[in-house]
Amino acid sequence: MQTCLILDDYQDAALSLADWARLSDRVAVSSMTDHIADRDALVSRIDQAEILVIMRERTPFPEALLKRLPRLKLLVTSGMRNLAIDVAAALARGVTVCGTESSPTPPTELTWALILGLARHLPLENRNLRDGGPWQSTVGTDLAGATLGLLGLGKIGTRVAGIGRAFGMRVIAWSPNLDDARAAAAGVERAETKEDLLEASDVVSIHLVLGDRTRGLLGDAELRRMRSSAILVNTSRAPIVDQSALVRALEEGRIAGAGLDVFETEPLPADSPFRRLPNVLALPHVGYVTRDNYRTFFTQAVEDIEAYLAGSPIRVLG
């Protein structure tokens, strides 16, 4: 009987959203609902498992960790891309790495939750209502007629654009590889440069893949090009924006606010400025956390394990 551990099952949902009983004659499955940041403590909890199921980027798997897991044979991650896994090191140690599908719909919807929450000051107005504070203390921002600037026009960015148009917004987009034809197909205008986009937008939303060309794409100089009334939303990856520069821009009021669902360190440290800044609407990386998406993750994790045990792995990464 092999052992399978599901890591970082924060909501204690994994075992109820897939038919793990299909594995019961070959694999003993259990989940861990807590996050273990300490490397030694983590190894002591998971080093007896032959199979690990992880949620994308909650717990990194660099070579240094993989070396301490000699029993590990199969690593299954949600999504078909996980930069927190050293896939080459895993393969070199004989560990098969498999992924699952992931829907672009949940992060699209959460992006708009952040945009609307910031535009209409929902956290403050809700807190005032609950705490007996002022009845109406803010003036909201109209989206109709405003400009939505998208950094990235892939699966998620294209869906965000469609909703922006439904709100009556002008939608523009830029990415390193975006051309006029693809922009036109998505019903948006292509900005010549990211600087043009930043200067023209009332809402800037990031939908790029993190890589060498996009890491630190928005630094102090770029943030200074944004309008003081503009908001920045990031549901993609935190390192695309220089985090220190973003804190300064928010503290100095050089942009109106930021909606953030991703951070360089997760869970977010207790002393992070993003926990206290009044012009930040921050969430604990829940963009992909929906019932249907989880059901896809864990059902396909079961399929990945079954296929591996049968000697024909599927959705293999690397």
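I take a disulfide to be a pair of cysteine sulfur atoms within 2.5 Å. This is a predicted model, where local features need pLDDT of at least 70 and side-chain atom pairs count only at pLDDT 80 or more, while totals for chains, interfaces and linings use all residues. Residues are numbered from 1 along each chain as its sequence is written, and side-chain values use heavy atoms, with hydrogens and water left out.

**Cysteines**

I looked for disulfides and the count came to zero. The sulfur of Cys4 has its closest cysteine sulfur in Cys98, 12 Å away, which is too far for a bond. I then checked burial (buried is under 20% relative accessible area, exposed over 50%, partly exposed in between, with a 1.4 Å probe and protein chains only). Cys4 is buried at a relative accessible area of 0%, and Cys98 also counts as buried, at 0%.

**Aromatic pairs**

Next I searched the whole structure for aromatic pairs and found six. My rule: rings of Phe, Tyr and Trp (its six-membered ring) pair if their centres lie within 6.5 Å, with planes under 30 degrees apart stacked, over 60 edge-to-face and the rest tilted. Phe263 and Phe274 make a tilted pair, 6.1 Å centre to centre with 45° between the planes. Both lie in the loop between strand 11 (257–260) and strand 12 (280–282), so the pair ties together parts that are 11 residues apart in sequence. Helices (H or I, at least four residues) and strands (E, at least two) are DSSP runs numbered from the N terminus. Phe263 and Phe274 are buried. I also noted one aromatic cluster made by Trp20, Tyr288, Tyr294, Phe297 and Phe298.

**Nonpolar core**

Phe274 came up again here. A nonpolar core is a set of buried Ala, Val, Leu, Ile, Met, Phe, Trp, Tyr and Cys residues joined through side-chain atoms within 4.5 Å. The largest has 32 residues, and those touching the most other members include Leu246 and Phe274. Leaving aside neighbours within four places in sequence, I find Leu246 in contact (heavy atoms within 4.5 Å) with Leu223, Leu232, Val241, Ile255, Leu260 and Phe274.

**Cavity**

Last, I looked for cavities (sets of points on a 1 Å grid over the protein atoms alone where a 1.4 Å probe fits but cannot get out; lining residues have an atom within 4 Å of a point). I found one of 30 Å³ or more. The largest cavity holds about 40 Å³ of space, a volume being the space filled by probe spheres set on the points. Its lining includes Phe297, Phe298 and Ala301, and helix 11 gives the largest share, three residues.

Methods
On a 1 Å grid over the protein atoms alone, a cavity is a set of points where a 1.4 Å probe fits but cannot get out, and a pocket is an open set with protein on both sides within 12 Å along at least five of seven lines; lining residues have an atom within 4 Å of a point.
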